[in-house]
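Please keep the sequence and the three-dimensional view at hand while reading.

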Amino acid sequence: MIESETAVRRQLSNTYRYLHDHGLTEQASGNISARCNDHILISPGGAGGPDICADAFVRIDLEGQVKCGGTPSSEILMHLAIYRAKSEAMAVVHTHSSACVGLACCRKPIPGFHYLIGSFGGVDIPCADYACFGSRALADNVVDSLENRYACLLANHGAIAWGRSLDQAVLFAHRIEILAEQYLAACQAGEPVLLTLAEFRDYWRTAKTLKYG
Ligand SMILES: [Zn+2]
């Protein structure tokens, strides 16, 4: 199916504003991208949320060559690595959302304290090893941590999520922040009780039946 680049650009600029308005990408700290036919549209370097326009997104090929537009996000390698590793990935959302950063700075995964952790594909949300922003090493670490997962934390940095649609990538990017906040709240209340693998299997069965989550 040939997608309209104009429509994808509009979705991306609306998404960028959504992420900013929900406090997930303050001070131009995040970046997003989506597949569009044989190319990727990615946010430009240093773009601010409220004032981004559809034309600002940069069209690149899967090798990272700019085909239309200015300078792509500095995290271009991380985005491209996910598209190359997952043919089903249609969009990637990277944020520095606060609760995720808090846990990522302790290099802690988010354990299976809540059943919605299972919606990310496993019994926890891992934390990718640290490497400098924009580096090939960080891109490799992220791909390793995203095996069988829709999102992960990035040590001393933030979080990243992908989806089979832009809406799904945004849902996971927002949900991981909500779960990180709730996990921190649970830790303040006491010691969170983690769900067992059998309980997650029950969740996955039920979610599949009900098309939930
Ligand atoms: Zn970042």
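At what angle do helix 3 and helix 5 pack, and how far apart are their axes? The model is a predicted one, and in it helix 3 (residues 98-105) packs on helix 5 (residues 166-189) at about 60 degrees, with 7 Å between the axes. The points below treat the helix contacts, then the zinc site, and finally several individual residues.

**Helix 3 with helix 5**

- The crossing of helix 3 and helix 5 has a left-handed sense.
- On the side of helix 3, the contact is formed by S98, A99, C100 and L103. On the side of helix 5, the partners are I176, E177, A180, E181, Y183 and L184.
- By residue type, the contact of helix 3 with helix 5 consists of seven nonpolar, one polar and two charged residues.

**Helix 1 with helix 5**

- Helix 5 also meets helix 1 (residues 5-21); the two axes come within 11 Å and cross at roughly 10 degrees.
- Because angles under 35 degrees count as roughly parallel, helix 1 is described as roughly parallel to helix 5.
- Helix 1 contributes Q11, L12, T15, Y18 and L19 to this contact, while helix 5 contributes L166, V170 and H174.
- The residues of the contact of helix 1 with helix 5 comprise five nonpolar, three polar and no charged ones.

**Helix 2 with helix 4**

- Helix 2 (76-85) and helix 4 (residues 136-145) pack at an angle of about 40 degrees, and their axes are 8 Å apart.
- The two helices, helix 2 and helix 4, are therefore oblique to each other.
- The crossing of helix 2 and helix 4 is right-handed.
- L77, M78, A81, I82, R84 and A85 of helix 2 touch R136, L138, A139, V142 and V143 of helix 4.
- In the contact of helix 2 with helix 4, nine residues are nonpolar, none is polar and two are charged.

**The zinc site**

- Which residues supply the protein donors of the zinc ion? They are H94, H96 and H157, each through its NE2 atom, lying 2.1 Å from the ion.
- Along the chain, the donors are spaced in the pattern H-x1-H-x60-H.
- H96 belongs to the loop between strand 5 (91-95) and helix 3, and H157 to the loop between strand 7 (151-154) and strand 8 (158-163), so this pair ties together parts that are 61 residues apart in sequence.
- H96 counts as partly exposed, with a relative accessibility of 31%.
- H157 counts as buried, because its relative accessibility is 11% and the limit for a buried residue is under 20%.

**L154, a buried residue of strand 7**

- L154 is located in strand 7. Is L154 buried or exposed? With a relative accessible area of 0%, L154 is buried.
- Leaving aside residues up to four places away in sequence, L154 touches M78, H94, A104, C127, A128, L138, V142, A159 and I160.
- One of these contacts, H94, is also a donor of the zinc ion. Two others, M78 and L138, also take part in the contact between helix 2 and helix 4.
- L154 and K108 are 46 residues apart along the chain, and their C-alpha atoms are separated by 9.7 Å.

**Loop residues**

- N37 is not a glycine, yet it has a positive phi of about 60 degrees. N37 is found in the loop between strand 1 (31-36) and strand 2 (39-42).
- The relative accessible area of N37 is 33%, so N37 is partly exposed.
- N148, likewise not a glycine, has a positive phi of about 60 degrees. The loop that holds N148 runs between helix 4 and strand 7.
- N148 has a relative accessible area of 58% and is therefore exposed.
- G70 sits in the loop between strand 4 (66-68) and helix 2. Its relative accessible area is 47%, so G70 is partly exposed.
- From C-alpha to C-alpha, G70 and G30 are 17 Å apart in space, and they are 40 residues apart in sequence.

How values were computed. Residues numbered from 1 in each chain as written. Predicted model: local features only at pLDDT ≥ 70, side-chain atom pairs only at ≥ 80, totals over all residues. Heavy atoms only, no water. Axes fitted to C-alpha atoms, helices over the stretch in contact; angles between N-to-C directions. Helix = DSSP H or I, 4+ residues; strand = E, 2+ residues; numbered from the N terminus. Left-handed = near helix turned anticlockwise from the far one by under 90°. Contact = heavy atoms within 4.5 Å. Nonpolar A, V, L, I, M, F, W, Y, C, P; charged D, E, K, R; others polar. Parallel < 35°, antiparallel > 145°, perpendicular 65-115°, else oblique. Donors = N, O, S within 2.8 Å, 3.2 Å for Na, K, Ca; no water. Buried < 20%, exposed > 50% of the residue type's maximum accessible area, 1.4 Å probe, protein only.
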